[in-house]
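Here is a friendly tour of the fold you have on screen. Please keep the structure open as you read.

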Amino acid sequence: MIEEALRALANGEFILLYDFDDREGETDLTIRADAVTPAHVRQMRKDAGGLICTAVHPEAAERLGLPFARDILSTSSLVEQDGDIPYDPKNHSSFSLWVNHRETFTGITDRDRSLTITAVAEQVQRSLNGGGHNFGAHFRTPGHMPLLRAAKRLLDERCGQTELSVALADLAGITPAVTVCEMLDDETGLALSKEDARAYARKHGLVFIEGKDVVEKWSSR
Ligand code: 5RP
Ligand code: ZN
Ligand code: CA
């Protein structure tokens, strides 16, 4: 299944990525950022319904000057503290900055978000190739695309969908920028159950995998 997931991800198809029964218990609709089109953004907002975010590799985040949001908000009394995340009290959220590409209009439309997402992927790849970059020349913050910064040692340090998706990209040998969106249940407003997420995957011919499958592959690489 993990090999199928890596192939699907490399092919620019959505995969369904569930984290763990003892963590969020959520499934993210997940796709390589450089393949995202306006139709993919539409599918994420209509079928998944959570927050559309783009996870980036820590090395690229470092080179592009993308900090953890908590570090730049640290003077605020609202800033996240140790133990604040109820499903993962030993870790922090992975939020970095929220950006719009400078050529977007409002930033929220399917076209605008897909433009921002693919442009982020382009900068991630450029930075990893050692190319010159000036992230601020292309993007402004605040914006409508939350970026997630994966932990420095990826799954050896934190096991959120941020690290799971970036580790998958790494294993697939593709640009390590991955767009994710939590699947919510339209009836209850809660996280879509694992069974219903599996049913969605079957209906749409998509691969469903769990965090434990990714960790197993990561540990044996
Ligand atoms: C952003 C989130 C999601 O849960 C997303 O899956 C990334 O977070 P994590 O790495 O903690 O799973 O909070 O919408
Ligand atoms: Zn640009
Ligand atoms: Ca998550």
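Leu16 has Leu29 in β2 as its bridge partner. The model is predicted, so to speak of local features a pLDDT of at least 70 is needed, side-chain atom pairs count only at pLDDT 80 or more, and totals for chains, interfaces and linings use all residues. Residues are numbered from 1 along each chain as its sequence is written, while chains are lettered from A and ligands numbered from 1 in the order in which they are written.

**The sheet**

- Strands β1 (residues 15-18) and β2 (residues 27-32) pair in the antiparallel sense over four bridges; strands pair if DSSP finds at least two bridges between them.
- Strands here are DSSP runs (E, at least two residues) and helices are too (H or I, at least four), numbered from the N terminus.
- Seven strands form an open sheet with mixed pairing, in the order β4-β5-β3-β6-β2-β1-β7.
- At the edges lie β4 (95-101) and β7 (207-210), each pairing on one side only.
- On average, neighbouring strands of this sheet are turned by 40 degrees against each other, direction ignored.

**Helices on the sheet**

- Helix α2 (residues 38-48) packs on the sheet and touches β2 and β6; its direction makes about 175 degrees with that of β2. Angles run from 0 to 180 degrees between N-to-C directions, with axes fitted to C-alpha atoms, for helices over the stretch in contact.
- Helix α5 (residues 110-128) also packs on the sheet, touching β3 (53-56), β4, β5 (139-149) and β6.

**Helix α7 and its neighbours**

- The axes of α1 (residues 2-10) and α7 come within 9 Å and cross at roughly 85 degrees. That makes α1 roughly perpendicular to α7 (65 to 115 degrees; under 35 is roughly parallel, over 145 roughly antiparallel and the rest oblique).
- Ala5, Leu6, Leu9 and Ala10 in α1 meet Leu168, Ala169, Leu171 and Ala172 in α7; contact means C-beta atoms, placed from the backbone, within 7 Å.
- That contact of α1 with α7 has eight nonpolar, no polar and no charged residues. Nonpolar covers Ala, Val, Leu, Ile, Met, Phe, Trp, Tyr, Cys and Pro, charged covers Asp, Glu, Lys and Arg, and the others, Gly among them, are polar.
- Helices α7 (residues 161-172) and α9 (residues 211-219) pack at about 45 degrees, with axes 10 Å apart, and are therefore oblique to each other.

**Around ligand 1**

- Ligand 1 is surrounded by 13 residues, the closest being Leu51, Cys53, Gly160, Gln161 and Thr162 (C-beta atom, placed from the backbone, within 6 Å).

How values were computed. Two residues are in contact if their C-beta atoms, placed from the backbone, lie within 7 Å.
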